[in-house]
Amino acid sequence: MKQAMKSNAMILAIFALGCTLLVALVDMFTAETRARQAEQQLLNTLYQVINPSRFNNDIYMACQYVTDKDLLGSEQPQTVYTARQDNLPVAVAITSVAPDGYNGNIELLVAINKDGSLSGVRVLEHQETPGLGDKIETRKSDWVYRFENKQMTSDKDSRWAVKKDGGMFDQFTGATITPRAVVKAVKNTMMFFDKNQADILNHNQSCRGENG
Amino acid sequence: MADSSTDTPNVNPGDETNNTVDTKPGEYRELVWQGLWKNNPGLVQLLGLCPLLAVTTTFTNALGLGLATLFVLICSNATVSAIRQWVPKEVRIPIFVLIIAAFVTCVQLLMNAYAYGIYQSLGIFLPLIVTNCAIIGRAEAYASKNPIKQASFDGLMMGIGFALVLLVLGSVRELLGQGTLFDGAHLLLGDWAKGLTIQVVEFDSQFLLAILPPGAFIAMGFLIAAKNAIDNRQAQKLAKSSKPKEIERVRVNFEG
């Protein structure tokens, strides 16, 4: 009995070792490609919100972490990417969170030009209702493009709301909470940039360390 | 995932007769028939319903999950069959689970590296292939009793059977929900597939029911009903054509 238990345990351990080895090998083998995929994905999104012809720095490395629970919607540090043309800042892209979506957090990438106007907005991740709230995706509708070139005159700018609340952005049929949350988060992100502009633009250290 | 405990025992009672080691010419044909139709993991065994229903919102998603499951099923069946002499009966289940989990993790890493788009749209359902009882069911019911060749072939057929159900469900739901076919195929197949998307009908708004999970259940119900209807008709035909023979034989017996 004891003998059987011992040998079974041995066999189990050997298989566990073998399987772990296999996974470790595949992990090692694909690590570089996976990292490149994630970077490429991020760059693709960044290029969508800030036209790549407008800057010439390595925007992937030009990043910094910021935290502002009230304006960026999360206690987690968010990332700011700074686009520079010949070392002069042109625009920044800030990740931020809309905490009051219909179904959990909506993660956004908000690109703001140096003059404070919007360069573009993209939704990075969300769990809104398919067919209703998911019109914030570019795949489903062109709604999110309407943020482009919009400006904010003051913190109390009443146009920064959905039409139902007297603002300038359309809501969706059957879904008001989602666009309301996105509009509010974009507005807050712009306020954040307005408040911290000097700090952000003068920051020169990369969040990815010296050698990336 | 809830199906894991209730469904595993009903795996394939027909397999008990199949566990002979020598290869009969009819055996492969039987495996094809079992995997694709008679014992289809999606339609008959009703295994792995969770990913089946959740992922089939579009054809592309269905294809991605179908291929991933197929790959895992072949690999796990082959491995389980290869090691069947050395695995004691008492610890076979944990060992099968280990093997399956290892392959699923590998598939996940590979998809993350080489098919990032589909990796993102499959999301949590890719790692959840581990809990697909069709896989452990095949390992336990067939692969652990048969040689590598047959076991791999069984994995291939069961995988294709499962993938076909996924594809049919995916196409139907995509067609009803968004009026398109092959939308997002480039996520899986590369940029050349961007032109594949066909806008079959144009809707003003999406048909929500088809996209949401209830639509999956309803479509799945129709699929099963269709399969049963075909089977019934087949059985009736068979009964009709074999009836005269029986009568003849009876008559002969009486006269003789």
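Reply: One definition first: two residues are in contact if their C-beta atoms, placed from the backbone, lie within 7 Å. Note also that this is a predicted model.

Me: Which residues of H5(B) does H4(B) meet?
Reply: On the H4(B) side, the residues are Ala68(B), Phe71(B), Val72(B), Cys75(B), Ser76(B), Thr79(B) and Val80(B). Their partners in H5(B) are Phe96(B), Ile99(B), Ile100(B), Phe103(B), Val104(B), Val107(B) and Met111(B).

Me: How many residues of the contact of H4(B) with H5(B) are nonpolar?
Reply: No charged residue takes part in this contact. Polar residues number 2. The nonpolar ones number 12.

Me: What is the handedness of the crossing of H4(B) and H5(B)?
Reply: H4 covers residues 59-82 of chain B, and H5 covers residues 92-114. Their axes come within 9 Å and cross at roughly 145°. The crossing is right-handed.

Me: How far apart are the end C-alpha atoms of residues 151-172 of chain B?
Reply: UniProt, in an unreviewed entry, places a "transmembrane region" at these residues. The span is 100% helix and 0% strand. Its end C-alpha atoms lie 32 Å apart.

Me: What is the helix share of residues 207-226 of chain B?
Reply: The unreviewed UniProt entry also lists this span as a "transmembrane region". Its end C-alpha atoms lie 23 Å apart, with 0% strand. The helix share is 90%.

Me: How many helices does chain B have?
Reply: Along the sequence, the pattern is α-α-α-α-α-α-α-α-β-α-β-α-α. The strands number 2. The helices number 11.

Technical notes. Residues numbered from 1 in each chain as written. Chains lettered and ligands numbered in written order. Predicted model: local features only at pLDDT ≥ 70, side-chain atom pairs only at ≥ 80, totals over all residues. UniProt positions renumbered as here; feature names shortened; annotations may be inferred. Helix = DSSP H or I, 4+ residues; strand = E, 2+ residues; numbered from the N terminus. Axes fitted to C-alpha atoms, helices over the stretch in contact; angles between N-to-C directions. Left-handed = near helix turned anticlockwise from the far one by under 90°. Nonpolar A, V, L, I, M, F, W, Y, C, P; charged D, E, K, R; others polar.
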